[in-house]
Amino acid sequence: MRIIQCDSTAEAIQTVALLVIEKMESHPTAVIGLATGRTMEPVYAEMAKLKTEKSLNLAKNFFFMLDEYFGLPENHPSSFKYYIEKHFLNPLQISASQIAVPPVHVRDGATHYEESIKQSGGVDLQLLGIGRNGHVGFNEPGSEKNSRTRLVRLTEETIAANKEQFVDDKIPTEALSMGIGTIMDSKSLLMLATGKSKADMIKYLLNHHDDPSCPASFLKHHPHFTLVLDPDAASKI
Ligand code: GLP
C-alpha cells in the first residue's frame, strides 16, 4: 500500500483528482470506478477543472458506480445516481450512456452488474472513500473478503452518518454494493480520507490486516492500492 500524506485537504483533493485524470489521459478507454459521499464532491469538482484546463476528451471512458441504495424510486434526489449526475456527469459533461449504476430496479441486478464489469474488461482504477466504521462501498463490518456484488443491509451507524444527505427521513436500510472481491479485481485502487471523523478508522486500518470488522483492511492485499490522506485524517497515525 502506498500512503500519500498531504499538507492540506486541498492538496489531498488535487492529488486524487490528478491521479484519476492522468489515468484517463494516458488511457483514453480506461474504465473508472466511482464512489459517492461528501469526500468525493470536491474531487469531482477538481476533475472538472482539470478536464477543461487540459481540454480532455473523455468520450471513450466508461464508469461504474460502487453502490446504490435499494428501495428508492428511480431518480430519487437522494439516490447515488442523482448524486453522480449532479457532481460528476454534468460538470464533466459525460454522457449518461457512459456510466453503469448497480441496477436496483431489475431482477438479478447483482449478477447483471458483475457481468457488465467483466464485459467491460474490468475496472482500471477504482476510486474509494471510507466509512467511519471502515466500510468501503457499502461493505459493512462483517463483509467477507471474497464477497461479490450483492444486496447488503446498512448498519445504524452508516444510516446515521448518511442522514444529512437525505432530502427526507425515509432512508433506505439496504443497498446493492460491489463486494470486496469485486473491488479487489480492479487493476488499481485509490482511496481518499479527509477530516477528523476518519482519523480513528485510518489508524485502525493501518494497524490491522484481514480484519472483518474493518472491511477496508482486506484491500491492503491489493498490489496497487494508494491511500491519500489530509492532515486531519492522518492525525492519529
Ligand atoms: C458512503 C458510500 C461510500 C463512501 C462512504 C463515506 O455511504 N457508500 O462509498 O465512501 O459512505 O462517505 P463520506 O465521504 O460522506 O464520509
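## Contacts, helix packing and ligand shell in a predicted model

Ala100, when its neighbours within four places in sequence are left aside, is in contact with Phe64, Met65 and Ser116, where contact means that the C-beta atoms of two residues, placed from the backbone, lie within 7 Å. The structure is a predicted model, in which local features need pLDDT of at least 70 and side-chain atom pairs count only at pLDDT 80 or more, while totals for chains, interfaces and linings use all residues. Residues are numbered from 1 along each chain as its sequence is written.

Ala100 has its place in strand E5, strands being DSSP runs of E with at least two residues and helices DSSP runs of H or I with at least four, numbered from the N terminus. With 16 C-beta neighbours inside 10 Å, Ala100 counts as partly exposed; a residue is buried if 20 or more other C-beta atoms, placed from the backbone, lie within 10 Å of its own, exposed if 12 or fewer, and partly exposed in between. The C-alpha atoms of Ala100 and Tyr113 are separated by 8.2 Å, although these residues are 13 residues apart along the chain.

Ala12, found in helix H1, is buried, with 26 other C-beta atoms within 10 Å. Beyond its neighbours within four places in sequence, Ala12 is in contact with Cys6, Leu192, Thr194, Val228, Leu229 and Asp230. Leu206, which is found in helix H7 (residues 199-207), counts as partly exposed, with 17 C-beta neighbours inside 10 Å.

| Pair | Separation along the chain | C-alpha to C-alpha distance |
|---|---|---|
| Ala12 and Asp230 | 218 residues | 5.6 Å |
| Leu206 and Ala216 | 10 residues | 9.9 Å |

Two packed helices are described by the angle between their axes and the distance between the axes. Helix H1 (residues 9-26) and helix H2 (residues 41-53) pack at an angle of about 55°, with their axes 9 Å apart; the axes are lines fitted to C-alpha atoms, for helices over the stretch in contact, and angles run from 0 to 180 degrees between N-to-C directions. H1 and H2 are therefore oblique to each other, given that angles under 35 degrees count as roughly parallel, over 145 as roughly antiparallel, 65 to 115 as roughly perpendicular and the rest as oblique. In this contact, Ile13, Gln14, Val16, Ala17, Leu18, Val20 and Ile21 of H1 meet Pro42, Val43, Glu46, Met47, Leu50 and Lys51 of H2. The residues of the contact of H1 with H2 comprise 10 nonpolar, one polar and two charged, where Ala, Val, Leu, Ile, Met, Phe, Trp, Tyr, Cys and Pro count as nonpolar, Asp, Glu, Lys and Arg as charged, and the others, Gly among them, as polar.

Around the ligand there are 14 residues, of which the closest are Ala35, Gly37, Arg38, Thr39 and Gly129; a residue is near a molecule if its C-beta atom, placed from the backbone, lies within 6 Å of it. This shell around the ligand divides into four nonpolar, eight polar and two charged residues.

Most residues other than glycine have a negative phi. Ser55, in the loop between H2 and strand E3 (62-65), has a positive phi of about 45° although it is not a glycine, and Ser55 is exposed, with 6 other C-beta atoms within 10 Å. Gln93, in the loop between helix H3 (80-89) and strand E5 (99-100), likewise has a positive phi, near 50°, and Gln93 is exposed, with 11 other C-beta atoms within 10 Å.
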